[in-house]
Amino acid sequence: MASDKAEKKRKRASNGHERPTKKPALDLRSLPPLKANLIKDHSELTPVLITTPGVTSKPNIQLTPYLKPRSEVSTSSGNNKGIASTELLLQSSQHSKLDFVGREANDDADSQLKHYVAVVDPANQSWEFVEVRKVTLRGAVRKAAAGDEEVEESEDEEMRTMREQKTDLTYTFGTKKSRKATQSMAENAQLSNAPSGAATAAESALLDSMPAEAAADLAAKAAAVQAEVQAAKPIPQADLTAKHPSEVYPIETLIPNGRATLRALPIKDWQDTISAGLMVATTSRFVSNRVDAIVESGNTTQLQILRFILVLLELYRSLRRGGKQSANSGGPGSRRLPSREDLPGILSGGTRLTSTSSDDVDPSIASSTLSAPTVDAIRRKFAPNRTYLSKNDVTFLETTICALSLHIPPQPVRDGVPTPNGGNSPNEMATDPSDLRDDLQLENNEILHYFRELGCRVDKPRETEFEKWNVRGGKSEAATRRIARLRIPVEFPKVSRGGRR
């Protein structure tokens, strides 16, 4: 039976690479006794042992050495004083795509070891030891060199770059189906990637096949539709014939009665307070962060515009959401206006004059009340229904505040010094929407959407503008900041044509 038979272990199949059972005898050469001698050399220029982790083949490059004093000098005896007091850096950019940098170890276990090189002299039967440096050489892909002209990066450019990277990954590692889908998307994108205002390839082919009169009529109808849609939006009316960005939304359009209303606004209390060394504290972050610089610049027009922005912000805060069954409600999203008797006091508030050393209110300076004609003009423009503001009226009030903020530059100066635009650039008007976002209690996407509807381009602060926009965290902080810029010609968001079904 099977249980009676002695079980034998089956030998493992041989693969021809078995380990030999006997160790081979070492063929040692009989070397004569050598005399060892340690060379004590305190020179900084010593041989170098280079290790190249991560580099498969030795690069045929010439390394440039750099020496700098060490921050911590070792005082142990027996060390080469040149090696102990200086640190070696090797660098090379001769490779076509890689930059090589070699550094000595400072914070690992290898930095506690001494490295030596022995030179054998068979004739004298001696060898000499000399202390050397050990350097780790690593390679990194070289960054693309920036051009002489400044590259303006916007959100659209970032998204395009991400799409290109995703497309490259799909072509490299994707399946056949995904590659085919990506190729189809690229072909469709060629038809819709034309510059703003220009006809696409499909539109151009269609226009070429049509008579000239029909093509002109079609272009005129498209422009008319775009103009009608733009006019129907609850935003201030833009002057598309303007020669400078400050003329796109002029003061006469944004402020009722224009310059007359600005001259009626009380600004002397702000000027006297700051001249007396006191601080003007307001309920608006946008106004508080800019009033000191504008008063010191002496620009009266910008100070009046800033006061009017505070008036509109106080009007915006006084609005109350109407109930669903309220008789004064103007539909979803509408808000109730305060009574006519309370409105002058509300619009005149928002300012607290305090000392820089204490929070006590200065009784010698009282806030001025807006005149009745000024309050009535503001009410007629922004509350045409007298008792409430509809959803479109609220949006119009918000976008008007955004348009007025473009007239306040980040670094205000007196008009005509050095430019006639009061501190604005010759070719653009710009502002940081973050303060208005907090004042209006809006989401970041909402406030940026309002500026885009006004024809502004939203992008990051440029590296040359870090001081101008108070960017102290470098590029990492600039990546989180957004600046709204208004330029000529003004480009509004295009009317959506709808997607495929």
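A salt bridge is a side-chain nitrogen of Lys or Arg within 4 Å of a carboxyl oxygen of Asp or Glu, and this structure holds 20 of them. The model is predicted, so local features need pLDDT of at least 70 and side-chain atom pairs count only at pLDDT 80 or more, while totals for chains, interfaces and linings use all residues. Residues are numbered from 1 along each chain as its sequence is written, and side-chain values use heavy atoms, with hydrogens and water left out.

**View 1. Helix α8 has a buried face.** Let's start with α8, residues 268–275; helices (H or I, at least four residues) and strands (E, at least two) are DSSP runs, numbered from the N terminus. Asp269, Trp270, Thr273 and Ile274 are its buried residues.

View 2. Aspartate 272 and lysine 268 are joined by a salt bridge, with their closest N and O atoms 2.7 Å apart. The two residues are 4 places apart, about one turn of the helix. Aspartate 272 is partly exposed at 34%, whereas lysine 268 is exposed at 56%.

**View 3. Strands β13 and β15 run antiparallel.** These strands, residues 428–431 and 483–487, pair over 4 bridges; two strands count as paired if DSSP finds at least two bridges between them. Threonine 431 of β13 stands opposite alanine 484 in β15. Both faces of β13 are covered: Glu428 and Ala430 are buried on one side, Met429 and Thr431 on the other.

**View 4. Arginine 485 meets glutamate 428.** The closest N and O atoms of this salt bridge are 3.1 Å apart. Arginine 485 lies in β15 and glutamate 428 in β13, so the pair ties together parts that are 57 residues apart in sequence. Both residues are buried. Through shared partners, salt bridges join Glu428, Arg457, Asp459, Arg462, Glu465, Arg485 and Arg487 into one network.

**View 5. Phe308 sits in the largest nonpolar core.** Such a core is a set of buried Ala, Val, Leu, Ile, Met, Phe, Trp, Tyr and Cys residues joined through side-chain atoms within 4.5 Å. Of its 63 residues, Phe308, Leu397 and Phe451 touch the most other members. Helix α11 (residues 300–318) gives the most, with 11 residues.

Terms used: Buried < 20%, exposed > 50% of the residue type's maximum accessible area, 1.4 Å probe, protein only.
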